[in-house]
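Hi,

Here is the structure I promised to send over.

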Amino acid sequence: MKKIPGVPPAELAELNRAQDRISFVYLERCVIHRDSNAITATDEKGVVHLPAATLGVLMLGPGTSITQQAMMLIADNGATVVWVGEHGIRYYAHGRSLARSSRLLVAQAAAVSHRDRRLQVARAMYRMRFPGEDTSGLTMQQLRGKEGARVRRCYREHSLRTGVSWNNREYDPDNFDGGDPVNQALSAAHACLYGIVHAVIVAIGASPGLGFVHTGHERSFVYDIADLYKAEISIPVAFDIAAGESTDIGSDTRRAVRDRVHDGALLDRCVRDIRSLLLTNGSAGPIDEEQLDEEAGSDAVRLWDEGGYELAGGRNYSGDVDF
């Protein structure tokens, strides 16, 4: 058989897990290509090599051009590509999942389609934001009220901490420069956080569009999960940047978010939080992480049966039934 030229795609077992990757890399005004199993970024200053298997999300800003070979390598390695505007506030595309199992996706679809289960997951999300408080009996309206008060308090505390004046959250997605410095920084920081969370969701095989608190948007679940971390990451970063009187808020904010999440702890936490929310119910107990990773890496295709069990695929069952 004739050998196919080029570097073969990496096997799933060779790829880094989502939580072990670089959170995001932002590139602009360069040409992106591939060299073996690395992504290259070339501009007037030279060439930078980025191992594709270590990327979580690659954000491509203005002036970037990417080759088909680079996109093939990124897709093979399960990374997410985001084409963004001047200030990183647009999301356009993503790569394929690192997971081969649909377990998370099925669990997510089942939970979001059942009123009581959806409410249970939504309450669990709010419980993560209110440690030590019992949210089990609260309605969604009550939870939204508590969350609104928490966010206002968070803005007020960081305003006092940094000396940055705060009125309210006002922004126009089509006019980044129209907002005051802290609102510009919040938009840029949230965009980075959304990109990271979206990359994790896609990488582990869940759906960005099936949200529990947010609904009706292709990134509803992204907003659900990102809201768990804004008070720790994007909000304090935004106030710090605004207090520093930056002359390039978009770039400075992206670098500050990158520095805040550089150790990979957010990726690991995000993976565990999503798995916990989708796979844990009142009686399930702890998640077996090793078993889940094995299932996610399996290429086995099974057949559904109305009896509630699964059958092996790739087999002819014509001898088992009468027509």
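Below, two residues count as being in contact when they have heavy atoms within 4.5 Å. Please keep in mind that this is a predicted model.

With that cut-off, and not counting residues up to four places away in sequence, His 214 touches Arg 118, Ser 220, Tyr 223, Asp 224 and Asp 227. The side chain of His 214 also makes a polar contact with the side chain of Asp 224, at 2.7 Å. You will find His 214 in the loop between H5 and helix H6 (220–226), and it is partly exposed, with a relative accessible area of 27%.

Why look there? The unreviewed UniProt entry lists Glu 147, His 214 and Asp 227 under "binding site". These residues are spread over 81 residues of sequence, yet they cluster in space, with a largest C-alpha distance of 13.4 Å.

Asp 227 sits in the loop between H6 and helix H7 (234–243). Its relative accessible area is 15%, so Asp 227 counts as buried. Setting aside neighbours within four places in sequence, Asp 227 is in contact with Arg 129, Arg 150 and His 214.

At least three core residues come from each of domain 1 (18–84) and domain 2 (102–279).

Best wishes

Definitions and conventions: Residues are numbered from 1 along each chain as its sequence is written. This is a predicted model: local features need pLDDT of at least 70, side-chain atom pairs count only at pLDDT 80 or more; totals for chains, interfaces and linings use all residues. Side-chain values use heavy atoms; hydrogens and water are left out. Domain bounds come from an automatic or database domain assignment. UniProt positions are given in the numbering used here, feature names are shortened, and annotations may be inferred rather than shown by experiment. Helices (H or I, at least four residues) and strands (E, at least two) are DSSP runs, numbered from the N terminus. Buried means under 20% relative accessible area, exposed over 50%, partly exposed in between (1.4 Å probe, protein chains only). A polar contact is a pair of N or O atoms within 3.5 Å; within protein, one must be able to donate a hydrogen and the other to accept it, and residues adjacent in sequence count only if both atoms are side-chain atoms.
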